[in-house]
Amino acid sequence: MPMRSKVRQQVRQPKPVIVMLCQLAKLRWQPPGPVQQSKVLRELKNLSAEAMMRQQHKVYVAKWLMLQLAFAGSLLMDLLQMRWQSSTSSGSEDLTQSLEARVQEFTLSNGLHFIVLERSIAPIVSCHTYADVGAFDEVDGQTGIAHLLEHMAFKGSPRIGTKDYAKEAPILEALDEVFYSMKEAEASGRVALAQKLNDQMQKLEEQAAAFSIPNEFGATLSQAGAAGLNATTSHDATRYFMAMPANKLELWFALEAERFRAPVFRELYSEKRVVFEERRMRVDDSPMGRFQESFAAQAMTNNYRRPVIGYPADLALLGRTEVQSFFNEHYSPQRLSIAVVGDVHVDVVQKLAEKYFGGWQSMSSLPRAGSPSDTEPLPRPEGGPRHFEQGSKAGPLLMQAYYRPSMTSKDAVLLDIIWSDPATIAAL
């Protein structure tokens with residue numbers, strides 16, 4: 001299980017991660033002989049160590065994500081046709097230099113980092129916002145809040161997703177008061193009062209719904225031609241991404257800045273029901289889901305043992321106060337990296353970045369370096385190898401897991417490659 005570094009620095013040295021990707025692509029698309037295979041794998045291993053020594057994991061991950069976006073189209077095939085007419089090392093070096101020249105980076109004064117790749121083969125742009133916060137950062141009793149916040153990031157702002165925020169806001173505050181009163185009543189065993197407050201919550205939700213415009217954030221982007229609008233949450237990060245016509249880039253900048261600079265967590269309590277249903281589908285009603293959750297709890301001793309989607313008892317207690325506090329603490333400019341790839345010019349991207357994100361000041365008091373450290377080995381339960389069994393009517397399943405080094409280990413990138421595509425590596 002990978003460990004993380006939460007330290008970002010702008011790197012101006014050569015980019016060994018690009019060399020590594022070139023070597024991997026060369027290995028995949030032009031399979032060499034056994035001797036050359038061994039040589040390329042050794043190079044990958046050495047380059048992974050070099051990459052980790054030269055740059056912190058935060059910048060490395062952002063570059064990896066940006067390059068994934070670039071390779072998602074026909075860029076890889078374009079480069080193969082242009083540069084890899086032969087398997088000589090000079091061709092690989094030329095490709096590396098070509099990529100390095102095209103990848104440009106800048107950081108705003110508030111710490112928000114941008115990675116830009118200009119590619120004008122089609123009038124499309126892909127944008128990927130990487131937030132350096134995930135389920136690992138949750139405190140005990142609030143599991144699932146990072147994933148819930150990912151859902152809430154699509155709910156809008158005082159200007160987006162509402163018909164009249166001035167009238168909506170008092171209702172949202174009243175909802176919070178009733179919610180916390182209801183939880184107090186439930187905790188003290190006052191069942192009748194809890195039911196009465198629950199009925200009151202339902203009425204307030206109906207009143208709030210009269211002022212909200214569901215999914216206006218996503219609908220606005222979709223109407224402008226956006227595709228693939230989505231987000232994911234892991235233990236280590238939260239990612240927001242989409243692609244759209246390049247001439248609509250400023251619209252994306254305006255909306256993306258709005259939802260992070262002035263979020264309104266409306267529809268929170270109804271969205272919690274969506275998350276509960278998601279958990280039931282993926283975990284509670286899934287033999288594999290239950291097994292994986294129990295497996296992780298047995299195998300690890302730190303926050304990686306907990307499910308990203310959270311425990312039901314914790315989710316039930318989350319209100320807007322906890323969500324807002326988690327956002328204020330963990331979402332800040334210096335904890336974001338944004339990749340923009342496509343038919344764009346870096347100077348235009350930088351002007352839009354300054355215009356929409358430049359005035360955003362951090363509300364977080366957390367330092368950039370977080371826990372666990374990037375060199376800390378994964379804590380293991382005492383007692384050596386562990387065996388875990390769980391009954392199921394769904395049929396037999398065997399799962400094996402092995403402890404791995406931290407993300408700064410010289411073997412880290414190579415292990416990622418093996419994990420992501422074991423069939424290709426096994427075929428070598």
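Reader: Let's start with one side chain. Leaving aside neighbours within four places in sequence, which residues is F114 in contact with?

Author: A contact list like this tells you what a residue meets through the fold rather than along the chain. This is a predicted model, and in it F114 touches Q104, E105, F106 and L108, along with F253, I338, V349, A353 and F357, once neighbours within four places are set aside.

Reader: And how do I read the nonpolar core? Which residues of the largest one touch the most other members?

Author: Look for the members that touch the most others. The largest nonpolar core here has 68 residues, and F114, L249, W252, F253, V349 and F357 are the ones touching the most other members. Helix α7 gives the most to this core, with seven residues. There's also a second, separate core of seven residues, F136, F291, F295 and Y304 among them.

Reader: Since α7 has come up, how do the axes of α7 and α8 cross?

Author: For a helix pair, take the distance and the angle together. The axes of α7 (residues 165–187) and α8 (residues 191–209) come within 9 Å and cross at roughly 160°. Angles over 145 degrees count as roughly antiparallel, so α7 is roughly antiparallel to α8. The crossing of α7 past α8 is left-handed.

Reader: What residues make that contact, by class?

Author: There are 14 nonpolar, four polar and three charged residues in the contact of α7 with α8. On the α7 side they include I171, L172, L175, V178 and F179, while α8 brings in L193, L197, M201 and L204, among others.

Reader: Now α6 and α14: at what angle do their axes cross?

Author: Helix α6 (residues 145–152) and helix α14 (residues 320–330) have axes that come within 10 Å and cross at roughly 90°. That makes α6 roughly perpendicular to α14. Here I145, A146, L148 and L149 of α6 meet E322, V323, F326 and F327 of α14. By class, this contact has seven nonpolar residues, one charged and no polar.

Reader: Zooming out, how many helices and strands does the protein have, and what share of its residues is buried?

Author: Overall counts put the local picture in context. The protein comes to 17 helices and six strands, and 49% of its 428 residues count as buried.

Reader: What share of the contacts is between residues 24 or more positions apart?

Author: Among contacts with a separation of 6 or more, 82% are between residues 24 or more positions apart.

Technical notes
Residues numbered from 1 in each chain as written. Predicted model: local features only at pLDDT ≥ 70, side-chain atom pairs only at ≥ 80, totals over all residues. Heavy atoms only, no water. Axes fitted to C-alpha atoms, helices over the stretch in contact; angles between N-to-C directions. Helix = DSSP H or I, 4+ residues; strand = E, 2+ residues; numbered from the N terminus. Parallel < 35°, antiparallel > 145°, perpendicular 65-115°, else oblique. Left-handed = near helix turned anticlockwise from the far one by under 90°. Contact = heavy atoms within 4.5 Å. Nonpolar A, V, L, I, M, F, W, Y, C, P; charged D, E, K, R; others polar. Core = buried A, V, L, I, M, F, W, Y, C linked by side-chain atoms within 4.5 Å. Buried < 20%, exposed > 50% of the residue type's maximum accessible area, 1.4 Å probe, protein only.
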